[in-house]
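Have the sequence and the 3D view open as you read.

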Amino acid sequence: MLHDPSHYTPPPIAEPIHLSARDTDILRGLASQVAEITALPVHKEKAELWRRLNDLDSVRPMVWINEIPWNEMNVDDELTLRAEHPWARDQECELRRTLYQWKHLPGDMVVGDYLSCPLAIHSTDFGIVEDVDIVRTDETNDIVSRHFHIQIQEPEDLQKIKMPRVTHNEAATEIRYQAMCEVYRGIMPVRKVGQTHIWFTPWDYLIRWWGVQEALLDLVLRPDMVHAAVDRMVDAWRMELDQFVEQNLLSLDNNNTRVGSGGYGYTNMLPGSAYDPAHVKPHNMWGCSNAQAFSEVSPEMHWEFAIEHDLRWLERWGLVYYGCCEPLDGKLDILRRIPNLRKISVSPWCKAERVIEGIGSDYVISHKPNPAILAESVWDPVQARKNIRDFLDKAEGRCHMELIMKDISTVRYAPKRLWSWAAIAMEEAERRVG
């Protein structure tokens, strides 16, 4: 996610990184374990399976787990951070989570053979930060309940939405890159990586500033204002993208980068023939969009107030992923009007038969099993298997599919539930080989 509408992200600072011998040893030890994993041939095999899925030539359903409640997952101190320097702790956290997921819930995870050093890119964002009351049920969890205070009420309030300015602190990038090269020398290569996949979702922002009920009522009461608001958001995102292109800050995502709300982006369709390795452009990459607040909005209004505006963004990308949590089984006809559409999110609230029949083998079904099963008072692996098997049985031989377990708010501090789900999902997926 490029932005977080809950706060302003401060610009990166070019400050020296000096690690203790202890911190360096911790990172090198963890990276050595990751390097051993990356050398396994299974990663090339899994990458090829993902490629075939996204190229509509799938061998079997693919499985991936994301949006994990890491605050509940620590077992035997596998996730306990031991480094002291803040930069080292960030590195350590990423390495430990990679090792943990590979060990306990890999699914069809692919571990890359290099470590990424993100470019120190900053965007001034869109001018408004959500004004919100928060209620927590678990102080260690980032998942909270929010009540938004309205900041967009009248047409003139749309001027609060500002056009972003993008900068790249090259000095900060170089400091971080050199630090990584020094720490991981002889263990794993390090690559500078720019902005990869961009989470484009205007309505996720607008409802935080406008209010959910208020914004949906205004689809009828003040449609001109709604059109103006979405247009301004698309303008802002496009202006930001133009700056990424001008400053040569984009990096390919046809690899083990997550695209949309689904799985990896491996495909032979990208970067395409019009590709300059020295300057990645949007048409070499995946695009995405969704309108999660439009779950109960008619197909006609979904098109008019969301997708029709989104096309100014979506037309710039080589392939497109659409959707997230909103049920789209009754809106497949309008989705087919999106150019270069390749993957469609199928949330737990879709009617299975209708979505399978409507999508067929024309696109990838990005199926999201319901994570609520992981939060039940008693873990029921039999029901978990039945849920997965029922959907796969309905789609047998008819669809290209990925199973994406995400939006996991809690596992009730019983991480082995998620380990078990991952194992069950893989067993069911591998039953469908060929």
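## The cores

Keep in mind that this is a predicted model. Its largest nonpolar core takes in 93 residues. If you want the residues with the most contacts inside that core, look for Met73, Trp203, Leu418 and Trp421. Helix α7, residues 223-246, gives the most to this core, with eleven residues. Apart from it lies another core, of 36 residues, and Ile17, Val34, Trp87 and Val364 are among them.

What does Leu418 touch once its neighbours within four places in sequence are left aside? Its contacts are Ile65, Ile68, Met73, Leu105, Leu374, Met405, Ile408 and Val411.

## Aromatic pairs

The model has 13 aromatic pairs. One of them is stacked: Phe200 and Trp313 sit 4.5 Å apart, centre to centre, with 5° between the planes. Phe200 is in the loop between β7 (190-193) and α5 (202-210), while Trp313 is in helix α8 (residues 299-314), so this pair ties together parts that are 113 residues apart in sequence. Both Phe200 and Trp313 are buried.

Tyr205 and Trp237 make an edge-to-face pair, at 5.2 Å centre to centre and 90° between the planes. Here the link is between helix α5, which holds Tyr205, and helix α7, which holds Trp237, so parts 32 residues apart in sequence are tied together. Why do Tyr205 and Trp237 count as buried? Buried means under 20% relative accessible area. Tyr205 has 2%, so it is buried, and Trp237 counts as buried because its relative accessibility is 0%. Both pairs belong to one aromatic cluster, made up of Phe126, Phe200, Tyr205, Trp209, Trp237, Trp313 and Trp317.

## Charges over rings

Two tryptophans have a charge sitting over the ring. The charged end of Arg337 is over the ring of Trp303, 3.7 Å from its centre. Lys343 lies over the face of Trp286, with 5.9 Å to the ring centre.

## Helix α12

How far apart should the ends of helix α12 (residues 416-430) be? With 15 residues at 1.5 Å a residue, the helix should span 21 Å, and its end C-alpha atoms are 21 Å apart, so the two agree.

The buried residues of α12 are Arg417, Leu418, Trp419, Trp421, Ala422, Ile424, Ala425, Met426, Glu428 and Ala429. They pack against α2 (42-54), β1 (62-65), α3 (86-104), α11 (381-395) and β12 (400-405).

## Strand β2

In a regular strand, side chains alternate between the two faces of the sheet. Strand β2 (residues 115-118) has Leu115 and Cys117 on its covered face, with Ser116 and Pro118 on the uncovered one. β2 and β7 pair in the parallel sense over four bridges, and Ser116 stands opposite Arg191 in β7.

## Gln151

Where is Gln151 found? Look in the loop between β5 (145-149) and β6 (166-168). Leaving aside neighbours within four places in sequence, Gln151 is in contact with Ile128, Val129, Glu130, Asp131, Asp157, Lys160 and Trp209. Gln151 and Trp199 are 48 residues apart in sequence, and their C-alpha atoms are 23 Å apart in space.

Technical notes:
Residues numbered from 1 in each chain as written. Predicted model: local features only at pLDDT ≥ 70, side-chain atom pairs only at ≥ 80, totals over all residues. Heavy atoms only, no water. Core = buried A, V, L, I, M, F, W, Y, C linked by side-chain atoms within 4.5 Å. Buried < 20%, exposed > 50% of the residue type's maximum accessible area, 1.4 Å probe, protein only. Helix = DSSP H or I, 4+ residues; strand = E, 2+ residues; numbered from the N terminus. Contact = heavy atoms within 4.5 Å. Phe/Tyr/Trp six-rings, centres within 6.5 Å; stacked < 30°, edge-to-face > 60°. Lys NZ or Arg CZ within 6 Å of the ring centre and 35° of its normal. Expected span 1.5 Å × (residues − 1). Pairing = 2+ DSSP bridges.
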